[in-house]
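I opened the notebook to go through helix packing, domains and the chain contact. My entries follow the display.

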Amino acid sequence: MSEEYSVEIVNPEKSFLSKNDVTEVVVPAFEGEIGILKDHISIISFLKPGIIKIFSKSGEESFYINDGIIEFKDNNLSILTSLILNLKDIDKEKISEIQKSAEEELNKSDINDQEKYLLDQKLEVLKSIN
Amino acid sequence: MASLDDLKKRISSVKSTQKITKAMKMVAAAKLRRAQENAEKGRPYSDKMNNIILNLSNGISDIENAPKLLSGTGEDKVHLCVVMTSDRGLCGGFNTNIIKKAKLYFQKILDEGKTLKIITVGTKGYDQLKRLYGDKIIERISFKESKNINYFDADKVGKIVIEKFEKKEFDVCAIFYNQFKNVITQIPQEQQIIPLNTSEKEENSSEDNYEFEPEEDEILSNLLPKNISTQIFKAMLENSASEQGSRMSAMDNATRNAGEMVDKLTIEYNRSRQAAITKELIEIISGAESL
């Protein structure tokens, strides 16, 4: 039996990526990273800023995402995100730009703990990329 | 009858108008293709989002404590309408159709004695509504500067709506836009986004038991504001495709009408030229005969 399932990443503008030979996807869920293999139970989860890793027959790919929701059902994984960047051809300037705006947000006084936590996470991930 | 010179002038002016409408048609056609592609590409996101929310709201057992964005405030007194129109004119009945639809809704709301608040997106909608409903318009937004429709613009509108909702400024929110069907048909749409219309719930028979992380209500309360931006974004995409489609067919008609006018004027011009020649000939002949 094959160990593969299909994944689709969509952002508001378009369908970003669609693959059907994926063996494992690791996503940065709210309460820690989740690795999803074939025949995982149906799950809906929220993502925090981080790196998505996709393992497939053709190799491994990594993407940076700003936020997102995943839905896994009948061996179909959908990832909805507002911003996604491929780590392979990532632009240093773009990263610094996001980093800067995140820092600015963080310095605002009216943010709540959850937002602060997310922004901290975001900065950490961005720093690790840069 | 107009003089030859006048006719000549009119013909050339109609011809230059025709050139403009033709060029606008071409531009609209090129833009339409891109807008249409974008609209189609944007559909999976909003569809998936909708699906997830439907699944989630199915899973919610405690309706009482459901997020307000889903269940509403429990009242139905103040209606907020987001009317989405274009920033540019010369696009046929595009804006008028949305406004017409919106006005019907406004009338209904006002007749029922409810309060009406309006947000206009796009300058044309504001221009058409300010005379009748000027005092009801609480905000007007225009994205004239941004070349392409992007999610962040939609998010801005969404955030405004949510902020107002959290301040309890309204109970029900509806958006108005044109849905793109094809180049000649655009259907004005009225869509209620707050509280979310979950009437499709019954159709969705796939009763799945999902695992949620974190809890359902936490996901929902995070997801619902996003969904509003997404719905607005979808409406904006549909609207822009409709605008270009509407402009294209309007300009096509204008070009054709200008062509007809040029033909008619040319015939009139030739006739009067011939009449002038005949008149001159008669004068010469009768002059020669009298000698």
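This is a predicted model: local features need pLDDT of at least 70, side-chain atom pairs count only at pLDDT 80 or more; totals for chains, interfaces and linings use all residues.

α3(B) and α4(B) cross in the right-handed sense. I then noted the geometry: α3 of chain B spans residues 94-111 and α4 of chain B spans residues 123-133. Their axes lie 10 Å apart, at an angle of about 35°.

Next I listed who meets whom. From α3(B) come Asn95(B), Ile98(B), Ile99(B) and Phe106(B). Facing them in α4(B) are Lys124(B), Gly125(B), Gln128(B), Leu129(B) and Tyr133(B). I sorted the residues of this contact into five nonpolar, three polar and one charged.

I turned to the domains of chain A. Domain 1 covers 5-86 and domain 2 covers 92-129. I have 22 Å between their centres, taken over C-alpha atoms. Six residues of domain 1 of chain A contact six of domain 2 of chain A. On the domain 1 side I count four nonpolar, one polar and one charged.

Last, I checked the contact between the chains. Chain A puts in 21 residues and chain B 23. On the chain A side, β2 (15-29), β4 (43-47), β7 (68-73) and β8 (76-80) each supply at least two residues. Which strand gives the most to that side? I found β4(A), with four residues. The chain A side divides into ten nonpolar, six polar and five charged residues.

I followed β4(A) across to chain B. It pairs with β6 of chain B (residues 211-213), parallel, over three bridges. I noted Ile43(A) opposite Glu211(B) in β6(B).

Definitions and conventions:
Residues are numbered from 1 along each chain as its sequence is written. Chains are lettered from A and ligands numbered from 1 in the order in which they are written. Axes are lines fitted to C-alpha atoms, for helices over the stretch in contact, and angles run from 0 to 180 degrees between N-to-C directions. A crossing is left-handed if the near helix is turned anticlockwise from the far one by less than a right angle, and right-handed if clockwise. Two residues are in contact if their C-beta atoms, placed from the backbone, lie within 7 Å. Ala, Val, Leu, Ile, Met, Phe, Trp, Tyr, Cys and Pro count as nonpolar, Asp, Glu, Lys and Arg as charged, and the others, Gly among them, as polar. Domain bounds come from an automatic or database domain assignment. Two strands pair if DSSP finds at least two bridges between them.
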